[in-house]
Amino acid sequence: MYKNTKIAVSVFAIAFAFGLNITGISPILGILNEKYQQYGTSMIQLLQTLPYLMLMVGALLAGQLTTRVSVKKISVTGLIVIGVCGVVPFFSESFLLLFTARLLIGFGFGILGPMNTAIITEAFPPEERAGYMGLHVVGMGVGTIVSNLLGGILASIAYQYFFFVYAAAFLAGLIILLLLEETPPAVPEKASDMKLNKMVYMISLASLVHTLFINAYGTNIGIYVQENITSNTTVTGMVTAVNAAFALIVGMSFAKISGRLKNWTLPFSIFAAAAGFGAIQVIPGIMGVYLTSALCGVSQSCFMAIGSFLISISVKPEAVAKASGMFSVIGGIGGLIAPFVLGSAASAILGENTTGNQFAVSFVGMLAFAVISIFVFTKNPER
């Protein structure tokens, strides 16, 4: 029991730090859009999704690293990279430094991302994993809430103070050093043990599409609030904290949700996002923003949990980190191209690239994707 507690705390700590990736720099995007307006809104939005580029590199390496280095060492290394790259923009207002730090922080998130799935798969049988996958999502939710609220408050003093929220990665690294047991690298008995199957690629492709559209929330909500509601960064922090709070609720309840919905869990997670993007179109003011935040939080949390769970039962335990890395890589492509694709679609279809038009494009795209997912994933058993 004591061992399980240490694993649970370690999973939570890693997930908490990974929640910083969801927050990104969303609470200060509106401020950065004004400060660096000479670079254009699309470039500022790219700062939110830029980490996906190096995240893909890190995630690709993660699976191979687990056959050479312990999960504990990989996790601590990732957390150090996140902490350093997250805090360093505080010390200079250089856009080049901010851009570089946002790029490199993705490597830390990339190698860290698959670790919890690997830890959970190694420690627990399939029937016990859903609860720990839920704990992973809870940790991300709490991390996102804390970083959004604290970051919004710090940014109200001066926007540079926001970057201190990334110091949480150093604390998480200390927890891993103290609590997570050192285990030997995964050694597959034969090459086929590391093989990825059709299900891994199907879930990963779904992650690409989901990440593409769900990023409309992260890259636009701060600017939307700044332009249409208020310039108070504390309010922006509250809005994104609502997103994280509902993600947290879903994470705490995921074992029950997946138990009831079964093969419909993944389509449900996509429909939730479609409803969220629809809400901001029809409900004016801050209430529409809050509802969109809540539903996108439900979607992000549920999709991540069910995706990770399906990955964990689709391949051999030795290949879970590799499969989870592939899940992160292909999903990361969606995040990386999101600003360009959504901006281009908004301009081509609706005549102008605005935050509202990107929400409209994402509503249609996510709704169509949700319908398709019914035919693809409800016929594939989870267990």
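Reader: Is E182 buried, partly exposed or exposed?
Author: This is a predicted model. In the model, E182 counts as partly exposed, at 43% relative accessibility.

Reader: Which residue does E182 form a salt bridge with?
Author: With K73. The closest N and O atoms are 3.2 Å apart. The pair links distant parts of the chain, 109 residues apart. E182 sits in the loop between α9 and α10, and K73 in helix α5.

Reader: And K73, buried or partly exposed?
Author: Partly exposed, at 47% relative accessibility.

Reader: How many salt bridges does the structure hold?
Author: It holds 2. In one of them, the side chains of K35 and E93 meet at 2.8 Å, N to O.

Reader: Why does that pair tie together separate parts?
Author: Because K35 lies in helix α2 and E93 in the loop between α5 and α6, parts that are 58 residues apart in sequence. K35 is partly exposed at 33%. E93 is partly exposed too, at 41%.

Reader: New topic. How much space lies in the largest pocket?
Author: About 230 Å³. The lining has 15 residues. I7, E122, L180, E181 and T183 lie nearest the centre.

Reader: Which elements give two or more residues to that lining?
Author: Helices α1, α5 and α7. By class, the lining has 8 nonpolar, 2 polar and 5 charged residues.

Reader: Now N116. Where is it placed?
Author: In helix α7.

Reader: Why does N116 count as buried?
Author: Because its relative accessibility is 1%, and buried means under 20%.

Reader: What is N116 in contact with, leaving aside neighbours within four places in sequence?
Author: S10, V11, I14, A15 and H136.

Conventions. Residues numbered from 1 in each chain as written. Predicted model: local features only at pLDDT ≥ 70, side-chain atom pairs only at ≥ 80, totals over all residues. Heavy atoms only, no water. 1 Å grid on protein atoms, 1.4 Å probe; cavity = no way out; pocket = protein on both sides within 12 Å on 5 of 7 lines; lining within 4 Å. Points joined across faces, edges and corners; volume = space filled by probe spheres on them. Helix = DSSP H or I, 4+ residues; strand = E, 2+ residues; numbered from the N terminus. Nonpolar A, V, L, I, M, F, W, Y, C, P; charged D, E, K, R; others polar. Buried < 20%, exposed > 50% of the residue type's maximum accessible area, 1.4 Å probe, protein only. Contact = heavy atoms within 4.5 Å. Salt bridge = Lys/Arg side-chain N within 4 Å of Asp/Glu carboxyl O.
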